[in-house]
Amino acid sequence: MNKNSLPTLYWDNNCLYLLDQRYLPEKTEYRCCKSYQDAVDSIREMSVRGAPAIGITAAYGMAAAAYEAVANNYNPAEMKDILQQAANTLIKARPTAVNLFWAVRRIENVFDQMQDAHQEEIFERLLQEAKAIHEEDINNNRMIGANGSELIPPKASILTHCNAGALATGGYGTALGVIRTAVEEGKDIHVFIDETRPLLQGSRITAYELYHDDISATLITDSMAGYLMSRKMVDLVVVGADRIAANGDTANKIGTYTLAVLADHHEIPFYVAAPISTIDIDVDSGDNIKIEERCATEITHFSGMAIAPEGITVFNPAFDITPARLITAIITERGVVCKPEREKIEKLFN
Ligand code: MRU
């Protein structure tokens with residue numbers, strides 16, 4: 001947790017509580033997930049979002065499924081069934097962020113090793129694993145922050161996109177973790193925040209986090225980034241990631257690729273900050289990363305009001321792919337990979 005902000009999620013009294021990000025900054029309300037299906041709905045409806053936070057939610061969602069088995073006195077076969085159902089449904093909740101698959105697999109591995117145990121014991125162990133995933137994420141973000149801050153000059157103006165902060169993770173953040181560490185180290189940092197159409201994670205969530213942490217920041221619309229760069233108002237860009245392919249190609253919020261092209265044109269360093277759990281070593285390149293497409297109303301409507309003619313055709317990809325050649329470095333908890341390529345990325349796993 002950061003200085004002034006609320007926890008992204010926590011488990012209490014056999015229930016997962018998620019800060020409902022659909023309503024930020026207007027309302028700070030927690031959504032209570034009593035079942036794995038509630039966790040699935042919260043991911044789908046984006047009450048919780050951001051790759052690591054989605055993964056942690058899925059892990060707790062698996063624990064919620066185990067608790068359902070305990071509460072309903074299921075036999076071992078029924079418990080296995082509900083956990084399988086939970087895993088299959090959770091991994092379909094959103095397709096791009098690989099942390100979701102990674103976290104579910106990690107919980108499944110624990111379950112596989114204890115199928116002869118008593119239901120209550122299985123639940124306790126799965127919950128413990130979900131809590132470990134949550135804790136590790138916060139620690140990893142601190143390390144990403146420390147590794148990334150070494151790349152930040154004593155005085156810097158940093159552009160970020162979407163929200164890769166405490167609220168997109170277990171806490172502290174990846175891209176915002178780098179920014180937070182630089183500020184904690186006494187660097188003179190100013191952040192430009194892209195508002196991030198269509199769901200405005202930049203203005204609603206990143207601006208909320210930085211404002212409450214007293215970090216100097218200015219909100220801009222997405223279309224202003226090029227102008228700022230041309231005026232030498234941006235020293236570097238740092239963003240998060242939803243999935244990084246083995247060759248370094250990176251899927252992140254739609255608009256990230258545009259920023260990377262602009263940064264390249266203006267010779268501005270472009271950094272991706274992400275935990276190892278966001279790297280999908282089984283996917284060769286960005287061409288094979290599935291990009292989520294979301295509903296038209298996210299673009300045609302604002303706060304329930306139509307802002308486009310009814311019936312207009314809409315294309316709404318939620319993410320894009322930034323090719324590795326446009327990325328100056330990928331910052332992970334295990335170190336910084338400059339000019340990312342397959343061989344260097346594979347070394348992170350040794
Ligand atoms: O659609 P969202 O809000 O889940 O997209 C989030 C992003 O694109 C983040 O940049 C990414 O998940 C990294 S979060 C540390």
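Reader: Happy to start with the overall layout. How many Å separate the centres of domain 1 and domain 2?

Author: Taken over C-alpha atoms, the centres of domain 1 and domain 2 are 26 Å apart. Keep in mind that this is a predicted model. The domain assignment places domain 1 at 9–141 and domain 2 at 146–349.

Reader: Thanks! How should I read the interface, and what area do domain 1 and domain 2 bury between them?

Author: Interface size is often expressed as the accessible area that is lost when the parts come together. Here, domain 1 and domain 2 bury about 2400 Å² between them, with 54% of it on carbon and sulfur atoms. On the domain 1 side, Arg49, Thr96 and Asn141 lose the most area to domain 2, together 27% of what that side buries. Counted by residues, 28 from domain 1 are in contact with 32 from domain 2.

Reader: Which helices supply the side of domain 1 that touches domain 2?

Author: Helix 2 (51–71), helix 4 (99–112) and helix 5 (119–149) each give at least two residues to that side. Helix 5 has the largest share, with five residues. Sorted by class, the side of domain 1 that touches domain 2 holds 15 nonpolar, eight polar and five charged residues.

Reader: Now the ligand, please. Which residues come nearest to it?

Author: There are 18 residues around the ligand, and Ala51, Arg94, Asp242, Asn252 and Lys253 come nearest. For alanine 51, a backbone N or O atom lies 2.8 Å from a ligand oxygen atom. With aspartate 242, a side-chain N or O atom is 2.8 Å from an oxygen atom of the ligand. For asparagine 252, the corresponding side-chain distance to a ligand oxygen atom is 2.6 Å.

Reader: One last item: how many salt bridges does a search of the whole structure find?

Author: That search finds 18 salt bridges. One of them joins glutamate 45 and arginine 31, whose closest N and O atoms are 2.9 Å apart. This pair links distant parts of the chain, 14 residues apart: glutamate 45 sits in the loop between helix 1 (36–44) and helix 2, and arginine 31 in strand 3 (residues 30–33).

Key
Residues are numbered from 1 along each chain as its sequence is written. This is a predicted model: local features need pLDDT of at least 70, side-chain atom pairs count only at pLDDT 80 or more; totals for chains, interfaces and linings use all residues. Side-chain values use heavy atoms; hydrogens and water are left out. Domain bounds come from an automatic or database domain assignment. Contact means heavy atoms within 4.5 Å. Buried area is the accessible area (1.4 Å probe) that two parts lose on being put together, summed over both. Helices (H or I, at least four residues) and strands (E, at least two) are DSSP runs, numbered from the N terminus. Ala, Val, Leu, Ile, Met, Phe, Trp, Tyr, Cys and Pro count as nonpolar, Asp, Glu, Lys and Arg as charged, and the others, Gly among them, as polar. A residue is near a molecule or strand if one of its heavy atoms lies within 4 Å of it. A polar contact is a pair of N or O atoms within 3.5 Å; within protein, one must be able to donate a hydrogen and the other to accept it, and residues adjacent in sequence count only if both atoms are side-chain atoms. A salt bridge is a side-chain nitrogen of Lys or Arg within 4 Å of a carboxyl oxygen of Asp or Glu.
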